[in-house]
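Below is a short report on one protein chain. It moves from the overall fold to single residues.

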Amino acid sequence: MRTQDRKHYTTIQVDLDGLWAIEQLIGKDVPIDPDPVFIMGLERLLRLFEENKIKATFFVVARDLGVGRKVELLKDLVARGHEIASHGVGHRYLSRLGKDEIKEEIVESKIVLEKALGIIVAGFKAPGFAATKEMSVFLEEAGYIYDSSVFGTSCGFLMEMVSGVPYMKTDMFFAPSVPYRPSRSNIFRAGDSDIMEIPVTPMPFFRTPAHFSYAVIGGSMYAGMVRASFRLASPEMINYLFHPLDLVDSSMVTMSGKVYGLDTKANRKIDMARKMLTFLCKGRTVVTTKELCEVIKESDRGASEAS
Ligand SMILES: [Zn+2]
């Protein structure tokens with residue numbers, strides 16, 4: 001934990017979606033191994049993390065644990081002090097599944113990750129932010145401490161139009177964008193659940209997506225707007241998200257040619273990521289998401305003792 005400033009925190013999350021998980025979105029079947037995301041993308045991102053002494057939280061799809069070389073890379077992340085959390089079993093969108101299948105994605109992925117890596121998994125994130133209302137109960141039952149599936153954004157309609165994924169758009173629109181305890185009947189609202197919701201932080205004021213994929217798509221002007229709004233709003237906690245896929249050479253990714261901005265040269269994208277990370281670390285304590293939950297619990301205890 002870096003402690004220049006006790007009041008402001010950054011947690012860096014990484015959705016470690018393999019190339020297979022991304023390409024299946026456009027109906028393309030690519031092998032699970034070798035995977036440029038786990039080799040090129042991850043290596044580049046880790047180098048940037050080391051420059052800033054960042055310990056991040058990696059959301060891992062359990063299916064990738066079937067590949068020995070990926071397991072070794074993940075064990076190395078654990079040894080370096082990063083946190084591993086769950087990103088489901090097969091990167092399926094929960095909003096397209098029935099209750100039993102949703103439960104299975106949540107429960108099974110935790111078991112697989114814990115067994116293969118010898119760790120305790122504290123966090124979960126639904127692929128594609130496709131959260132469903134009843135998730136909090138399943139997460140509680142499975143023994144998670146926190147969830148990061150909720151994305152409080154004004155762009156749910158746009159996201160659905162682009163990806164075709166059914167989103168809880170109105171709930172997303174009104175969902176908190178700062179950490180909260182969700183309701184047991186609706187994860188998008190505050191309530192009395194035992195788990196904590198740590199949403200990925202949208203751009204302050206506008207609530208548009210701020211994470212790195214959108215910096216790539218929106219270009220450096222948009223990335224500059226994100227930094228300016230963070231500076232102005234100065235949120236106590238920022239949860240910033242990366243996909244290592246964004247640092248892979250674009251020639252290796254079919255999607256690059258189809259989405260504006262994704263064909264940006266790798267060196268340029270690495271520079272953009274470096275600039276964003278330097279900004280996110282400046283004057284802030286950088287913690288893993290599990291550590292952030294401890295910080296929140298501690299301050300809640302302090303507040304209840306004071307009253
Ligand atoms: Zn994902």
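## Overall fold

Among contacts in the chain between residues at least 6 apart in sequence, 72% join residues at least 24 apart. Two residues are in contact if their C-beta atoms, placed from the backbone, lie within 7 Å. This is a predicted model: local features need pLDDT of at least 70, side-chain atom pairs count only at pLDDT 80 or more, and totals for chains, interfaces and linings use all residues. Residues are numbered from 1 along each chain as its sequence is written.

The chain has ten helices and eight strands. These are DSSP runs numbered from the N terminus: helices are H or I with at least four residues, strands E with at least two. The C-alpha trace spans about 60 × 45 × 40 Å along its principal axes. For 307 residues, a compact globule would have a radius of gyration near 19 Å; the chain has 18 Å, which agrees. That radius is taken over C-alpha atoms, and the globule rule is 2.2 Å times the number of residues to the power 0.38.

## Core

Buried residues make up 43% of the 307 residues in the chain. A residue is buried if 20 or more other C-beta atoms lie within 10 Å of its own, exposed if 12 or fewer, and partly exposed in between; C-beta atoms are placed from the backbone.

The largest nonpolar core holds 82 residues. Such a core is a set of buried Ala, Val, Leu, Ile, Met, Phe, Trp, Tyr and Cys residues joined through C-beta atoms within 7 Å. Val14, Phe58, Val60, Ile84, Ala131 and Tyr146 touch the most other members of the largest core. α8 gives the most to this core, with seven residues. Leaving out residues up to four places away in sequence, Tyr146 touches Ala122, Gly123, Ile195, Met196, Ile198, Thr289 and Cys293.

## Parallel strands

Strand β1 (residues 9-16) is mostly covered: eight of its eight residues are buried. In a regular strand the side chains alternate between the two faces of the sheet. Tyr9, Thr11, Gln13 and Asp15 point one way from β1, and Thr10, Ile12, Val14 and Leu16 the other way.

β1 pairs in the parallel sense with β7 over six bridges. Two strands pair if DSSP finds at least two bridges between them. β1 also runs parallel to β2, with four bridges, and to β8 (residues 285-287), with three. Val14 stands opposite Phe242 in β7 and Phe58 in β2. Thr11 stands opposite Val287 in β8. Further on, β2 (residues 57-60) and β3 run parallel, joined by four bridges. There, Phe59 has Ala85 of β3 as its bridge partner. In β3 (residues 83-86), Glu83 and Ala85 point one way, Ile84 and Ser86 the other, and all are buried.

Helix α8 (residues 212-233) has 22 residues, but its end C-alpha atoms are only 19 Å apart. A straight helix would reach 32 Å at 1.5 Å a residue. The expected span is 1.5 Å times one less than the number of residues. A kink of about 130° is centred on Gly219; the bend at a residue is the angle between axes fitted to the seven residues ending there and the seven starting there.

The buried residues of α8 are Phe212, Tyr214, Ala215, Val216, Ala223, Val226 and Phe230. Their cover includes β7 (237-242) and α9 (266-281). Ser234 follows α8, with a positive phi near 45°.

Leu139 sits in helix α5 (residues 135-142). Leu139 counts as buried because it has 27 C-beta neighbours inside 10 Å. Its C-alpha atom is separated by 7.4 Å from that of Ile195, 56 residues apart along the chain.

Glu50 lies in α2 (residues 36-51). Glu50 is exposed, with 10 other C-beta atoms within 10 Å.

## Backbone exceptions

Most residues other than glycine have a negative phi, and most peptide bonds are trans. A cis peptide bond joins Asp33 and Pro34, with omega about -5°. Pro34 is in the loop between α1 (19-23) and α2.

Lys53 has a positive phi of about 50°. Lys53 is in the loop between α2 and β2 and is exposed. Arg207 has a positive phi of about 55°. Arg207 is in the loop between β6 (196-197) and α8, and counts as partly exposed, with 19 C-beta neighbours inside 10 Å.
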